[in-house]
Amino acid sequence: MASNVEGPSLAIEARGLVKRFDGFTAVDGVDLSVPVGAVYGILGPNGAGKTTTLRMLLGIIDPDAGSRRILGAERPHDVAHAIGYLPEERGLYPAMKATEAIAFLGALRGLPLREGRRRAHELLERHGLGYAADRQIRQLSKGMAQQVQILGTLVHRPRLVILDEPFSGLDALNQGKLERMIRGLAEEGTTVIFSTHVIAHAERLCDDVAIIAGGKVPFAGSVDEARDRIPRQVRLETRDPDGAWRKALPVDARREGTFWNFSLPEGGVEPLLRALIEGDAGILSLSIERAGLHDAFVAIAGAAAARALDVGSEQEDVR
Amino acid sequence: MNGRLSVLAAAWVVARRDFTAILFSRSFFFFLLGPLFPVLIAVLAGSLGSRVDASQERPVLGIAMSVADADALERTRARLAPVLDEELPELLVIRRLAKGESYDPGEALALRKVKTAAILSGSLEKPVLTGPGGLIEAWRGPVSMLAAQARSGAEIAYPAVALKPVARSSATERKGRFATAQGAQTLLFLLTMMLAGMVLSNLVEEKGNKIIEVLAAAVPMDAVFLGKLFAMLGISLVGIATWAATLGLLWLGGGISPERLPDPAVGWPLLIALGVVYFAMAYLLLGSVFLAIGSMATTVREVQTLSMPVTMAQLMVFFFASFAMTQPGSAVEIAAVLVPFSSPFAMLARAAQEPALLPHVLAIGWQMLWVALLVRGGARLFRSRVMKSGPAGKTRRRSRWSLRRP
């Protein structure tokens, strides 16, 4: 899906968002454009500013500078009935029954309680949690309580769903269920925006991503655009691991057993192939792979971190 | 199906949840039982006190006089007992002195030769009381009367006095109304302090449960603030109604007629109605301050630290209102009525003492204005602080990259 789309087709449009806490700048000029109907990932390490950005988008806290429009509204609470939000720090009333908890979350978004209870039963049954409908939240496992909260986030059928680290705390089985749920929402036309520090989820689910590091967004665009930020990788296996043909390999070539890994040369693969054949390298296999989102993330966020004064040590960790 | 909620509608959703959750919780049952403990302690202490009182022997006055004087005193005491028994000291002849015999009562008491509280010596014409200062001071009159009667030896007929009690005089009415004012003011203070503190613990618990962010994302913070404040007001009124009903039943069951209570100036029904209104005002004023404090605190310890000055200030306000009550119509009373936090207390005391109703209308209007201002200010502070007060340094902590490979 195309990024940076202007106009009413944007579910979220943020310009220059800034948030400071006691002199510390947590978010520093963030721009975001989330198209309607997109599955949008905000990728970043812990402490990068993801949660603060989401809180500003939702109107939980006000930005110190910048502007945001959510579903066309300048004040997020004006469209709260069309938004579903799952915070990173999950919270439900421990004494509430699962059905009541879901209905209450719906009521906060303007859904009448009776309708909320009906939908809560329906959702719990559909997601295999019908047996827990009348159990108190404190009687549920952490994972189950989290699923109940996710259902509460969706009970009022929002047009925009914002999930802060939705996969944390879920086991592999339930992570898969959540991924399917997000895909289902996208198929229904719901815009889903979620933050994560696990690249795999974003890579599997997202049309567009924003990479956030040190409170800044060095990249926002499609997943393909992010991957194209770094050259494609060549993986070569030869019968003869050494020989004169090695001079044809680029300088960044790294050897792993009988394999060589290096970036695709600017001139393409043909001159290299010719040199290998002429040098009798004995090619067993050669593949050209597009960079993964993880590699793209490291390249993009690492460069940004290098520019930031306060994240020098973190940059080393990434590299 | 769902639409945008107004601030009041959102506040209603929050208040309804809080109200029902607290009402049907185990803690509410204990909350209702709360006042029972001080009452129980007071009853036990009172009963213990009266037992101790009853177990103490009545002090006895020893007589060390000539035979004739001692006998005359005993006879007179016996003759006066039917009409003045309680007022007269118990007498015990410890020594009938022979003519010319001397006796030192001071030495007898100091060396504990006798077990009486004091000793009457000398003669009927010149009686001498020896003993502890307070006691002999109290016995001076009765002993003088006993000596005079014993000396005259005349039989005096004491006529039966017919009693015609009246409900109250203007003096007893003033005293009664003052007592009612004092009681109403103290009750209002205790209820306000106890219940306004509850709103604080409720908020801190919610911050601990991480629910506050869910609420903050869905509805404006003003609605969360109002919802919590009014839910706790509702709970407070349920609690007060329960306590009042229980107390009323016990009172009536104990056979105490309402007529025996001193009437307040505005009458009981109006005083109770005004009490409810002034409680609501005092609660909303203090609750707003406590909620604003709660928004800044993250732990119970922080709450205690932050709320201590407010509690102390409220105590001062109570003392101020109590002092003002003793000077109706003075500048001090007017000041107590004008200061928003003491106004409900001062006005409730006034309702017990003065029948005029117009000042209450004005005072309630004045207090409502301050409630609106404080609720608004509190909500603003709440909104700006409640989502900032995470664990110290959380936002500053730049964690190491925890990026996981696919």
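Predicted model: local features only at pLDDT ≥ 70, side-chain atom pairs only at ≥ 80, totals over all residues.

Colleague: Okay, so where is His360(B) placed?
Modeller: His360(B) belongs to helix H14 of chain B, which covers residues 358-385.

Colleague: Is His360(B) buried or exposed?
Modeller: Buried, because His360(B) has 20 C-beta neighbours inside 10 Å, and 20 or more is the cut-off for that.

Colleague: And which residues does His360(B) touch, skipping those up to four places away in sequence?
Modeller: Leu274(B), Met347(B) and Ala351(B).

Colleague: Switching to H12(B) and H13(B): at what angle do they pack?
Modeller: About 125°, with the axes 6 Å apart. The two helices, H12(B) and H13(B), are therefore oblique to each other.

Colleague: Which residues make that contact?
Modeller: H12(B) brings Glu333(B), Ala336(B), Val337(B) and Leu338(B), while H13(B) brings Ser343(B), Ala346(B) and Met347(B). Sorted by type, that's five nonpolar, one polar and one charged.

Colleague: Now chain A. What order do the strands of the open sheet come in?
Modeller: The order is S2-S1-S4, three strands with antiparallel pairing. S2 (24-35) and S4 (65-70) of chain A are the edge strands, so each pairs on one side only.

Colleague: How many bridges join S1(A) and S2(A)?
Modeller: Nine. Val18(A), for instance, stands opposite Asp28(A) in S2(A).

Colleague: What packs on that sheet?
Modeller: Helix H1 of chain A, residues 50-58, which touches S1, S2 and S4 of chain A.

Note on methods:
Residues numbered from 1 in each chain as written. Chains lettered and ligands numbered in written order. Helix = DSSP H or I, 4+ residues; strand = E, 2+ residues; numbered from the N terminus. Buried ≥ 20, exposed ≤ 12 C-beta atoms within 10 Å, placed from the backbone. Contact = placed C-beta atoms within 7 Å. Axes fitted to C-alpha atoms, helices over the stretch in contact; angles between N-to-C directions. Parallel < 35°, antiparallel > 145°, perpendicular 65-115°, else oblique. Nonpolar A, V, L, I, M, F, W, Y, C, P; charged D, E, K, R; others polar. Pairing = 2+ DSSP bridges.
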